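Dear colleague,

I am passing on the structure we spoke about, and I would be glad if you could look through it with the notes that follow it.

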Amino acid sequence: MSLSRRTWFFLVVPVAMLFIYEPTPAALRWVNIALAGLSLFWFVLFAIEDLTRMRRERRRMEGKPR
Amino acid sequence: MTFAVVVIIMVALGFDYINGFHDAANSIATVVSTRVLTPRQAVAWAAFFNFAAFLFFGTKVAQTISQVTVPGTFDNAAIFAALVGAIGWDLITWWLGLPTSSSHALVGGLAGAAVAKVGWSALVVSEYQKIAVFIVISPLMGFLLAFTFMTGVLWLFHRYKKVDKLNKGFRRGQLVSAAAFSLGHGGNDAQKTMGVILTVLIANGILSQGAPVPLWVVLSAHTAIGLGTLFGGWRIVHTMGSKITKLQPVGGMAAESAAAVSLGLATFAGVPVSTTHTITGAIVGVGTTSRLSAVRWGVAGRVVWAWVLTIPGAFLVAYVVYLPFKAFG
């Protein structure tokens with residue numbers, strides 16, 4: 001089971017935001033949180049899409065109805 | 001005001017002009033590559049909004065630039081060396097057709113001249129930290145917002161059958177988004193020059209530390225960047241507008257809107273960010289909505305290398321330029 005590169009890319013952004021959270025000025029840290037949240041949202045959506053597609057393909061190969 | 005101060009202010013305005021010249025591509029690349037405006041119309045449009053930006057934004061970015069070194073670090077020679085470092089690096093990357101950041105060239109130049117004159121203790125770490133953090137944040141913000149805008153627009157209109165009418169609407173929308181982006185560009189980038197002029201005026205005792213930016217400085221900086229955009233650089237238009245990913249009017253509109261929001265936010269927060277980084281991130285974000293392979297990562301990688309080298313490159317040029325001033329007192 002593997003997620004697409006695009007999906008993983010959206011997980012890299014929250015990690016980067018977490019990494020630079022401490023050096024970000026306190027008044028602007030909400031930007032890190034907002035961007036990490038937005039990116040996580042897209043990661044979850046794309047992960048669901050990837051997993052659903054893989055399941056559909058597996059069922060098709062096994063000859064089962066969708 | 002002495003002759004030396006006048007000369008340095010002219011050089012600073014020259015940097016602002018080159019900034020407009022260099023970054024004009026960012027403002028107009030998408031609007032030209034989608035054929036919404038001709039190059040001539042696009043530069044006039046962008047130049048007007050570059051100038052008009054003074055009506056919308058304060059001068060917090062200028063204050064940040066004037067505070068990146070400890071008070072009393074700069075004299076006329078050091079500021080001159082910093083500007084030569086930034087302009088030199090800008091011209092080298094312009095010649096190579098690389099969309100690097102004039103802002104980071106300026107920050108690198110100021111650091112190089114300050115370190116050459118006083119040493120590392122001249123740098124205000126917290127200000128450089130803020131700028132460094134936003135080197136990472138600004139392209140990612142442009143990327144994420146552009147991706148979100150583009151996906152939202154595609155989702156909203158995916159059942160709409162009248163494609164020609166839709167494209168016409170997006171082309172009109174791109175005029176607004178290009179104007180908003182040019183406002184953001186003028187607002188953030190012109191303030192960097194204001195910051196340098198403010199530093200010159202403070203260093204020469206014409207203004208006191210912490211004084212507000214005089215109106216004539218605000219107007220002259222916006223005029224210089226507007227003129228620079230009007231006579232803009234065409235080498236980079238090609239890289240930004242077509243080499244990274246192919247754009248349609250809807251994509252151009254999403255990229256420019258995302259970059260405009262990112263720049264506006266940074267300007268109100270007083271953070272000098274790179275318009276180049278922001279719009280490049282946004283263009284990549286639009287390209288990613290189709291698939292990652294729609295982005296030409298080789299070109300994007302070349303751009304990233306130019307970013308990484310900008311601050312050290314301008315630092316080095318400014319450092320070397322200041323050394324003769326130091327040697328001969």
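**A loop residue in chain B**

Leaving aside residues up to four places away in sequence, V70(B) touches A122(B) and V124(B). Please bear in mind throughout that this is a predicted model. V70(B) lies in the loop that runs between α3 (60-66) and α4 (76-96) of chain B, and although 52 residues of sequence separate V70(B) from A122(B), their C-alpha atoms are 5.5 Å apart in space.

**Helix α6 and its partners**

Helix α6(B) packs against helix α11 (residues 275-288) of chain B at an angle of about 35 degrees, the two axes being 7 Å apart, and the crossing of α6(B) and α11(B) is right-handed. Among the residues that meet there are I135(B), L140(B), F143(B) and F147(B) from α6(B), and I279(B), A282(B), V284(B) and V286(B) from α11(B). Sorted by class, this contact between α6(B) and α11(B) has 13 nonpolar and 8 polar residues, with no charged residues.

Turning to the contact between the chains, 14 residues of chain A and 13 residues of chain B take part. On the side of chain B that touches chain A, helix α6 (residues 125-157) of chain B provides the largest share, with 9 residues, and that side of chain B comprises 8 nonpolar, 3 polar and 2 charged residues.

With best wishes

Definitions and conventions. Residues numbered from 1 in each chain as written. Chains lettered and ligands numbered in written order. Predicted model: local features only at pLDDT ≥ 70, side-chain atom pairs only at ≥ 80, totals over all residues. Contact = placed C-beta atoms within 7 Å. Helix = DSSP H or I, 4+ residues; strand = E, 2+ residues; numbered from the N terminus. Nonpolar A, V, L, I, M, F, W, Y, C, P; charged D, E, K, R; others polar. Axes fitted to C-alpha atoms, helices over the stretch in contact; angles between N-to-C directions. Left-handed = near helix turned anticlockwise from the far one by under 90°.
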